[in-house]
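Morning, everyone. Have a look at it first.

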Amino acid sequence: MTNPESTGAESTGTESIGADPAAPGSARLDVAGEWQRVSPKYIPVDMIGTAIFGAIATAVSFVPFWIGWPEGWLVGVGVATIFVITLALTPRRVRAIGYLLRDDDLLFRRGIMFQRFVAVPYGRMQLVDISRGPVARAFGLAELKFVTAAASSGVLIPGLPLAEAEQLRDHLVAVAETRRAGL
Amino acid sequence: MTDPHAEWAPPSPPPAAPPATPSTEQPRQPVAVSTDFADGEWHRLHPATPLFRGGLAFVAILGVLIVNLRDRFFEIFFDDQQVPLPPTGGDLESDAIDFIVREELVLVALLIAVGVLLLLVAGFYFSWRLHTFRITDEVVEVRSGILFRTNRKARLDRIQGINIARPFVPRVFGAAKLEISVAGNDANVPLAYLRGADADALRRDILLLASGAQRAGVDPAATAASGIGGMLDARVSELLSPELDVDLVAPTSIVRMNPGRLIGSTVLSDTMIVLVAMLVAIVVTSIVTGELFLLVAMFPGIIGIGGFLIARITRSLRYSIAATPDGVRVGFGLLSTTNETLPPGRIHSVKVSQPLLWRPFGWWQIAVNRASRSSQNGAAGQQQTSILPVGNLDDVRAVLQLLLPEVAHEASLPVLELGLSGRGTEGGFTVSPRRARVLRWFSQPRNGFALTDTAVLLRRGAIWRSLIAVPYSRTQSVSVHQGPLLRALRLAWVQVHTVAGPILPMLGALDRDDALRLFHGVADASLRAAATDTSHRWRQR
């Protein structure tokens, strides 16, 4: 499942990702709909983050080798390989992130190997957070966190252009207000 | 029940009244509430509060000091001879006292001591004087602190439960601690300490205000004043039957805790199995090796587990659960008692489970997820999430009907019982397909879910059986997951998200289509339920 569309445009296009493999007999999870994608600019942001973390983890895993364990380099190479694979799969992973604003709830999906779909009613919103890391800020991106009373809801939409994130936040707050429910 | 200090009002006018609603504009109208605490004015706590909150420790320290200095006092006041000064090198305390005596600073030292004492007493007094609370139609508000003032407000319609705890010493003095739980960690409003009877009445009043019922209909008979003679009676009856309110006798416990069953269930619990295994390991190793190192290593663990089991028995011996008009009341404890009222709509999920060795006896236990954390412990020292420590099927039925009346009604009880001990698709359950045997060796025919009209039921486990019920009106969100292994088997797993607690409502190894059906079913049903649910304002019409 490759998505050739990565225009690099400021706006994030709508696209029904994952719709093609949703053949009736498919084992994959899928929910039909016009899924909003996150910005393709999030790919380098995620890659830089992974690369920095990977470099530190690799350096640490070489410590046994340096202090005199001859076969210790295998550990370091293994860790480095894992991070290289993670880096290579980043574009695919980022393209799999999507959200869908339905009438009364928000659907969020991520993951290709490990798929996860969440449905959160707007009325259950406790707060919406927008946060920006230093790398994401350099690319003009922000991440939006939709918090409910359940810690496991875990709706964290990364890689939104700042304007879009703020617009989405205002929209979510507005619709949550009209559909307010108890705890 | 009126006491002069409870009617003290601050010199400054109380802060602005809460947002005007028709019912708050005239707060001194005839009200249905039965204590004068809930009149919107500021009130103080029990006058002995400083003693219960650390004052006793202070008195004890004073006593120790006096005992230690007694010899000195005798020497100073009853010995005319010159006190033979010991050579330097004694301990610090006697050095200091010798120094004071030598320099003739006894008077100064005494003055300082008295000054410190007065300061402490004044501190206790002012901390009590400045610790005030009030209950309006909208909020409970507490102000406390001398130098650093804190002011905590809790909205009445967000109350998750009200707990009345009677630790042993305050209980002897007839005082109780009222704790109002609000959603969140450390978001509770404690009122420590109040008179026992006041605490019960105040809880009823707060729940009445929180229920959305309009203030109306005077009930002055509820506050029948009792004389000094009656006070002793009341104190004794309070000690003997702490689970009964003075005026609210009607709700009697629907479950009778049988001591034999309680001890039996503790002996057969999984924790006890661990304890026995540890003891066997110790005996075997000490016989084989002739040394006791394992005993030394495991001793703290054994003490801990043993204490846990004993605490479980003593706390649950006087267990009670009863329906009141304003929610379910659960009581625990023998010497120190707690009993908590959970208003309707505050229970986010319920789990009925059965440890392996309980099965021959047909015993079950019930736990719940709640939005608040109480500092008081329930059975077995756990947070108050264990609602029924042990009970048979009848008890389970009764408690479920009490906790989730809209889920466990007459028509749905057969389905719930199938969820406890049934297997297969009977009763509307959807179970894992046969290919899931690889992942659910024994429980595949049990591992399943049912979507009833008010709750989702998750049935799990063939050896350790459990049934989780999450009412749609309380689900926060729902998710469906699939990893590579499950994808190869065309399976998926689903999690229903509720507030954090001991219950994790998830169900693995479902057919991919069934999992999506469960996902969409819960998502749609919780939208419908959230739109119509009014259980958090249970008396509002």
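Housekeeping first. This is a predicted model, so local features need pLDDT of at least 70, side-chain atom pairs count only at pLDDT 80 or more, and totals for chains, interfaces and linings use all residues. Residues are numbered from 1 along each chain as its sequence is written, and chains are lettered from A and ligands numbered from 1 in the order in which they are written.

Chain A, then. It splits into domain 1, residues 42–93, and domain 2, residues 97–183. Those bounds come from an automatic or database domain assignment. Over C-alpha atoms, the two domain centres are 30 Å apart. Seven residues from domain 1 of chain A and seven from domain 2 of chain A make the contact. Contact here means C-beta atoms, placed from the backbone, within 7 Å.

Which element gives the largest share of the domain 1 side? Helix H1 of chain A does, with five residues. H1 (42–61) and H3 (73–95) of chain A each supply at least two residues there. Helices (H or I, at least four residues) and strands (E, at least two) are DSSP runs, numbered from the N terminus. By type, that side has four nonpolar, one polar and two charged residues. Nonpolar is Ala, Val, Leu, Ile, Met, Phe, Trp, Tyr, Cys and Pro; charged is Asp, Glu, Lys and Arg; the others, Gly among them, are polar.

Now between chains. 25 residues of chain A touch 29 of chain B. Strand E4 of chain A, residues 115–121, gives the largest share of chain A's side, seven residues. That side divides into 14 nonpolar, six polar and five charged. E4(A) also pairs with strand E18 of chain B, residues 477–482: antiparallel, five bridges. Pairing requires that DSSP finds at least two bridges between the strands. Within that pair, Arg116(A) stands opposite His481(B).

Last, the backbone. Most residues other than glycine have a negative phi, and most peptide bonds are trans. Ala192(B) and Tyr193(B) are joined by a cis peptide bond, omega about 0°. Tyr193(B) sits in strand E7, residues 189–195.

Arg490(B) has a positive phi of about 60°. Its place is the loop between helix H12 (484–488) and strand E19 (491–497) of chain B. Ala509(B) has a positive phi too, about 55°, and lies in strand E20, residues 506–511.

Buried or partly exposed? Arg490(B) is partly exposed, because 17 other C-beta atoms lie within 10 Å. Ala509(B) is buried, because it has 23 C-beta neighbours inside 10 Å. The cut-offs: buried is 20 or more other C-beta atoms within 10 Å, exposed is 12 or fewer, partly exposed is in between, with C-beta atoms placed from the backbone.

Technical notes. Contact = placed C-beta atoms within 7 Å.
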